[in-house]
Amino acid sequence: MSSLRNGLTPRLKPLSARKSTLLSVLDVGTSKVVCLIAQLLPASESDVLRRRTHQVRVLGIGHQRSLGLKGGIVVDLEAAEQAIRQAVDAAERMAKVEVQSVIVNLTGGRLAAQSFAANVATRGTVTSADVHRVLDAASAHSLKPGRVVLHALPTGYALDGQKGVLDPVGMIGENLGVDLSVVTSEASAARNLMLAVERCHLDVEAIVASPYAAGIATLVDDEAEMGGLVVDLGGGTTSFGAFFAGHLVHADAVAVGGHHVTMDVARGLSTHLAAAERLKTLYGGALPSASDEREIISVPLVDESERDVPNHMPKSHLVRIIRPRVEEILELVRDRLKAAGFAPADGRRVILTGGASQLTGLPEVARRILAGPKGSAQVRIGRPLGIKGLPEAAKGPAFAAAVGLLVYPQVAHIEHFEPKAARTMLATGTDGYLSRMGRWFRESF
């Protein structure tokens, strides 16, 4: 099994903008497992998606009901392995290729983000070596025990106190600063996810936080630049990421999702889970309407002999069960953001993704709860952008995170995290000429 060396999950090799490649990704969620196989072809710059260097064409897709996961965390290795194998097998048969390695996402594991800052002196003109030195200094902070780094993203440079510098190389200044956003998760959650994947004889190329994947799949560049909040409502968890100036600046998650809504319906209507899920999907809503009292739905009740006994009730009863849980989820998101210093702001763009975001009336409730002091927020359902070959059923918000994993290699090069062990090699003399040449060769080819 791959180890989490120096508090790091596996690092993805940079993708050349001039080369095409075949890519496989795995979205392991609480409700479903999705495997996508796609070809990435070099593409010209887009006006809407300027950060993308490749055109993505999906060759194969496989999705399977998730097993062995609870709250985004693996709780049954054998069941999780079975679900992953079936999803990968379906994608392989459709694409007619064999998958060797995958990029996977992580939703559970208590996602968290921290910001670090550092400054270094320069010799007048900023060089690439100066940029690496300041990034090393920012990433030198110690992690809490039991945590691993998923992403380390430079969110902005400063030169002699002047912030907002995009690329300082070649500029003149005496002091170079950087802000670094570091997304972490529990080491055990990442380790068990890797173990479930590797039991299927697959290598893990990288682990991506779900809100980051959903964001890069659904945000246009202007939204990421002006500031946007991506809320990924999954089956067992709701994860969210705040984007500003084109970067992910915060990520978090709460262990409540669409499955909890289903459980509320099952308990409130005294029916079984399959019927509750069906009722939620077909008739459920987060906002009451005038016709709810007149519209009658049939609810199969389970009596002591476990026979389905039909019962009829107004739709308003179902809405009254769903609405409080939906409001609770969004209020938890709002409170977590406020505690982290990202309180709701007027005009904020909110993008809802994930299967649970398709609930009728959810954008209106989110607009009210996640609005700023003046009560204004722009809310929309986020669907994957700029991807070819997706079947119609996979173009909705439920597949945003999976598609984001296909986009991730195009932006992974901006990340930086140099573990302490690598830096100490420079001081002990064990990182000599041959070692540096070997590392350069591995990273370049």
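Strand β2 (residues 32–42) and strand β3 (residues 54–65) pair in the antiparallel sense over 11 bridges, where helices (H or I, at least four residues) and strands (E, at least two) are DSSP runs numbered from the N terminus, and where two strands pair if DSSP finds at least two bridges between them. The model is a predicted one, in which local features need pLDDT of at least 70 and side-chain atom pairs count only at pLDDT 80 or more, whereas totals for chains, interfaces and linings use all residues. Residues are numbered from 1 along each chain as its sequence is written, and side-chain values use heavy atoms, with hydrogens and water left out.

Strand β19 (residues 387–388) and β3 pair in the parallel sense, over 2 bridges.

These strands belong to an open sheet of 6 strands, in the order β11-β6-β1-β2-β3-β19, whose pairing is mixed. Because β11 (203–209) and β19 stand at the edges with a single partner strand each, one side of each is left without a neighbour in the sheet. Helix α4 (residues 210–218) packs on this sheet, touching β6 (101–106) and β11, contact being defined as heavy atoms within 4.5 Å. The direction of α4 makes about 80° with that of β11; axes here are lines fitted to C-alpha atoms, for helices over the stretch in contact, and angles run from 0 to 180 degrees between N-to-C directions. Helix α10 (residues 400–407) packs on the sheet as well, touching β1 (21–28), β2, β3, β6, β11 and β19, and its direction makes about 150° with that of β1.

Another open sheet has 4 strands in the order β7-β10-β8-β9, with antiparallel pairing. Its edge strands, β7 (112–125) and β9 (162–165), each pair on one side only, and neighbouring strands of this sheet are turned by 35° against each other on average, direction ignored. Strand β8 (residues 147–159) is joined to β9 by 3 bridges, the two running antiparallel, and Leu159 stands opposite Gln162 in β9. Helix α2 (residues 128–138) packs on the sheet, touching β7, β8 and β10 (172–186), with its direction at about 145° to that of β7.

A further part of the structure concerns helix α7. In α7 (residues 273–283), Ala275, Ala276, Leu279 and Lys280 are buried, that is, under 20% relative accessible area, with exposed meaning over 50% and partly exposed in between (1.4 Å probe, protein chains only). These residues lie on the same side of α7 because they cover an arc of only 135° around the axis, the arc being that of the directions from the helix axis to the C-beta atoms. On the other side of α7, Ala274, Thr281 and Leu282 are exposed. The buried residues of α7 pack against α6 (258–269), β15 (296–302) and α8 (315–339).

The axes of α6 and α7 come within 8 Å and cross at roughly 110°, and the two helices are therefore roughly perpendicular to each other, a term for angles of 65 to 115 degrees, while those under 35 count as roughly parallel, those over 145 as roughly antiparallel and the rest as oblique. Their contact is made by Gly258, Val261, Thr262, Met263, Val265, Ala266 and Leu269 of α6 and Leu273, Ala276, Glu277, Leu279 and Lys280 of α7.
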